[in-house]
Amino acid sequence: QAQTPSRVITADMVIELAFARNPGIRAARYRLESAQHNFDLFESELSQFTPLVVDSKLTGESDAEKGAEITAGMERGFFNGASADLSVGNSSMFEGGTRSHAQFVESKIEFPLFSSNTKLKRLSERTFEENDLREARLNYIDEVRAQIEDAQETFYERTEAASMLRALIHHRDDLQMLVTSGAVDGNDRVETLDRIRSLESEIREWELRLATREIQLEQLLAIPRDSIASIEEVSIDVSAADHLGRHYVIEPFGHILKRALTHDTESEILQRVIENAMEKVRLAERGKWDITVAMDGRYNYAESRADRRDSYSAGLGLRFKKFDHNVLRHSRAKALADVHSAEAGIEQREAALRSRIGEHKAELDNIVDRIRQLSDLRASRLRIYTFKRQNYLDHTLSLDELLNASRNLLRAEGDYNRTVAEYLRTIRSLDSLCGVYFAKLGLEINGM
């Protein structure tokens, strides 16, 4: 049996795998497909093609004349209320012991000249189905965002755990080397071994955290452990011109907000609500009448009478229908209320996005400054520790001072790693709000 190829999991691959394989996203995708099929079913029922319609009737009159007729044909309906029928049939008449019959073809066409009210009714009916479809679309995009956010956060937390674990192991090994080399003895040896045991306890905690994040990542990406060759760690150098998320640092707030609004599902769906409701307003304003044209024709191509000859009939009619003014008034008022509600919803959504992006943008500027400071602090404390370690080996420094320098260096490394993790979480949130991965994944908000 062929084995699954091993993968190197990168930050970009986390997004692609989560979108393709995450069970939550797949379930939401199937729910969206179901809602789309249900909506298509509703549409087809209003404008459907019926390939076979069989109709029959028996007639009887007081003068003992009786008749029978059967037809078979097809029908086609349209969303605006128009319809077209075409059929063939046979009719028979019984009178005074004689029978006559005819075969014929007939058709009927109806179409509205002014169908405002009919269309308004059908748009109203369709609104209920559209609501279900909108909700499924909104839930799908929200699920994609949520699951990708979880996968990214787990991926970044694994980077933090790996960095902390590496720092702790380095400090433990350095102290272990002092013990094995015989550089410490007596009370210093006892104290150094105690510090090593403390570091090993922390190492086990971070090993557990690292293993937990890797298991969570496997579940979110729905990939088996044996298919992962390695997981890339994200490094941040804020002095580099192309470091991860730098565009958010240098990009103006207004540009970020504009991108977020462009990829905001809720705003897009509310905009669609406005468009549909405005159409209902227009139809209600001119929907006082329905005027329908009806045309029909029949051609007898075979008859059993001795004097038979080909015959035909044709008809043309108009139907006028005036609707209750109160119904139209309430329909218009409801549609306008829907417009105002959706407009307020868009305004509220824009305000929420403005607030969230403003917070993240301010956080990002602060975090970048802290990363620079902590990077300098970490480098400074590394130099101090290296200097004091040499002094201890030269017997010009006490062990307490060396261990204190080691703790200070480890604390600076921990603060640096936590701040980098905070930076990555902020970038992840901005990526989600701006939908930066939508185009890559083939998700089109405007096409939904």
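Analyst: A salt bridge is counted here when a side-chain nitrogen of Lys or Arg lies within 4 Å of a carboxyl oxygen of Asp or Glu. Side chains of opposite charge can pair when their charged atoms come close. This is a predicted model, in which local features need pLDDT of at least 70 and side-chain atom pairs count only at pLDDT 80 or more, while totals for chains, interfaces and linings use all residues. Residues are numbered from 1 along each chain as its sequence is written, and side-chain values use heavy atoms, with hydrogens and water left out.

Arg 272 and Glu 268 form a salt bridge whose closest N and O atoms are 3.1 Å apart. Both residues belong to helix H7, where four residues, or about one turn of the helix, separate them. Helices (H or I, at least four residues) and strands (E, at least two) are DSSP runs, numbered from the N terminus. With a relative accessible area of 17%, Glu 268 is buried, whereas Arg 272, at 26%, is partly exposed. In these terms, buried means under 20% relative accessible area, exposed over 50%, and partly exposed in between (1.4 Å probe, protein chains only).

A second pair joins separate parts of the chain. Between Arg 349 and Asp 264 the closest N and O atoms are 2.7 Å apart, and the two form a salt bridge. Arg 349 lies in helix H8 (residues 325–393) and Asp 264 in the loop between helix H6 (253–262) and helix H7 (265–285), so this contact ties together parts that are 85 residues apart in sequence. Asp 264 is buried, at 2% relative accessibility, while Arg 349 is partly exposed, at 22%.

Asp 12 is in helix H1 (residues 11–21) and Lys 440 in helix H10 (residues 438–441), so the pair ties together parts that are 428 residues apart in sequence. Lys 440 counts as exposed, with 51% relative accessibility, and Asp 12 as partly exposed, with 45%.

Salt bridges also connect Glu 69, Glu 106 and Arg 298 in a network. Over the whole structure, a search finds 20 salt bridges.

The surroundings include a nonpolar surface patch formed by Ile 109, Phe 111, Leu 113, Trp 289, Met 295, Leu 316, Leu 318 and Phe 320, with about 800 Å² of accessible area together. Patches are made of residues with over 30% relative accessible area and no salt bridge; like charges are joined within 9 Å, and nonpolar side chains (Val, Leu, Ile, Met, Phe, Trp, Tyr) within 5 Å. Accessible areas come from the Shrake-Rupley method with a 1.4 Å probe, and for residues only the protein chains shown count as cover. Strands S5 (98–114), S7 (289–303) and S8 (311–322) are the elements that give two or more residues to this patch. One of its members, Leu 318, is found in strand S8 and is exposed, at 53% relative accessibility.

Elsewhere, Asp 237 lies in the loop between strand S6 (228–231) and helix H5 (246–250). Asp 237 is partly exposed, with a relative accessible area of 42%.
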